[in-house]
Amino acid sequence: MFRWERSIPLRGSAAALCNNLSVLQLPARNLTYFGVVHGPSAQLLSAAPEGVPLAQRQLHAKEGAGVHWCVLPFRVLLVLTSHRGIQMYESNGYTMVYWHALDSGDASPVQAVFARGIAASGHFICVGTWSGRVLVFDIPAKGPNIVLSEELAGHQMPITDIATEPAQGQDCVADMVTADDSGLLCVWRSGPEFTLLTRIPGFGVPCPSVQLWQGIIAAGYGNGQVHLYEATTGNLHVQINAHARAICALDLASEVGKLLSAGEDTFVHIWKLSRNPESGYIEVEHCHGECVADTQLCGARFCDSSGNSFAVTGYDLAEIRRFSSV
């Protein structure tokens, strides 16, 4: 069971964007950072464990599309995407270390130009774009000498989300998955040169959110379904009719394999993923369901890696709502 904890006030409503919440834990300082896109800016907040807001600031970006903290082996960067480009800051949001302008290139005059989908893989940060390409930035241990090292061309439609997990030194391991507006998933092996391992075809609906955990891909779709795939083969193992409307966010508690799903039906669900020790098949168990009444949800994240608390944002809701287990 989960209970509603003290909410964290925002200066304005979260924008109606999928995956519109980022959370960074700072256990050493007993703080949690929250990031939310609102119109032309991103709101950054720090809060104590009991939800007391300690500081709040805004980063300006023309028509922001996403905000995400990227945890690298040697530093943490805050990445903000918009219709103009990609901004990278130190984790507190005070110092910008890199700016990458988006090149409209062959885009038609009526086509929107934007960057969307952010994830860290090793010492790389990957960012999706409207063209279907994924930009790979090589991040130094310190300083602003960030380099665009590669562009991945596995998609023809705009990228919606990117998920990664540590490769743990294995060869030929699938450690990154990208999703697009057609529902297509591309599975990659990261490294000095990224390698496309397999494609998982879409079926006519977008895939707004995707997660990766121990070789399991969890994909949330516009029809409310969650699909669980084997990352190495692309085989579908489990299909869950999780929500009555489109899924807007997925998140994973990596320590315990809990999957959080939020949909436009106002519900948040928690699922437990595992593998059958004999057959190796992916199994899933429903753990909890929560209705956030009269709210168009747009972001949901666990607040700790053990899945004992989570937070949600909603359109026309000027607060971050927090829930914790009892």
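T266 is buried, with a relative accessible area of 16%. Hello everyone! I'm starting with that residue, and please keep in mind that we are looking at a predicted model. Why does T266 count as buried? Because its 16% falls under the 20% cut-off.

Where does T266 sit? You'll find T266 in the loop between β24 (258-263) and β25 (267-275). Its backbone is worth a look too: T266 has a positive phi of about 75°, and it is not a glycine. For anyone new to this, most residues other than glycine have a negative phi.

Now turn to N19, which is not a glycine either, yet has a positive phi of about 60°. N19 belongs to the loop between β2 (8-9) and β3. Is N19 buried or exposed? N19 is buried, because its relative accessibility is 15%, under the 20% limit.

In soluble globular proteins, nonpolar side chains tend to be buried together. Here, the largest nonpolar core has 21 residues, and I86, M88, I125 and F137 have the most contacts inside it. Strands β8 (76-82), β9 (85-90), β10 (96-101), β11 (115-121), β12 (124-129) and β13 (134-138) each give two or more residues to this core. Which of them gives the most? That is β11, with three residues.

Leaving aside residues up to four places away in sequence, F137 touches I86, M88, I125 and H100, among others. There is also a second, separate core of 16 residues, including A163, A174, A219 and A231.

Beyond residues up to four places away in sequence, H100 touches R84, G85, I86, L135, F137 and L148. For a sense of distance, pick L317 as well: the C-alpha atoms of H100 and L317 are 31 Å apart, with 217 residues separating them along the chain.

Which strands supply at least two lining residues each? They are β3 (22-26), β4 (31-38) and β29 (319-325). What classes make up the lining? There are 10 nonpolar, seven polar and four charged residues.

Key: Residues are numbered from 1 along each chain as its sequence is written. This is a predicted model: local features need pLDDT of at least 70, side-chain atom pairs count only at pLDDT 80 or more; totals for chains, interfaces and linings use all residues. Side-chain values use heavy atoms; hydrogens and water are left out. Helices (H or I, at least four residues) and strands (E, at least two) are DSSP runs, numbered from the N terminus. Ala, Val, Leu, Ile, Met, Phe, Trp, Tyr, Cys and Pro count as nonpolar, Asp, Glu, Lys and Arg as charged, and the others, Gly among them, as polar. A nonpolar core is a set of buried Ala, Val, Leu, Ile, Met, Phe, Trp, Tyr and Cys residues joined through side-chain atoms within 4.5 Å. Buried means under 20% relative accessible area, exposed over 50%, partly exposed in between (1.4 Å probe, protein chains only). Contact means heavy atoms within 4.5 Å.
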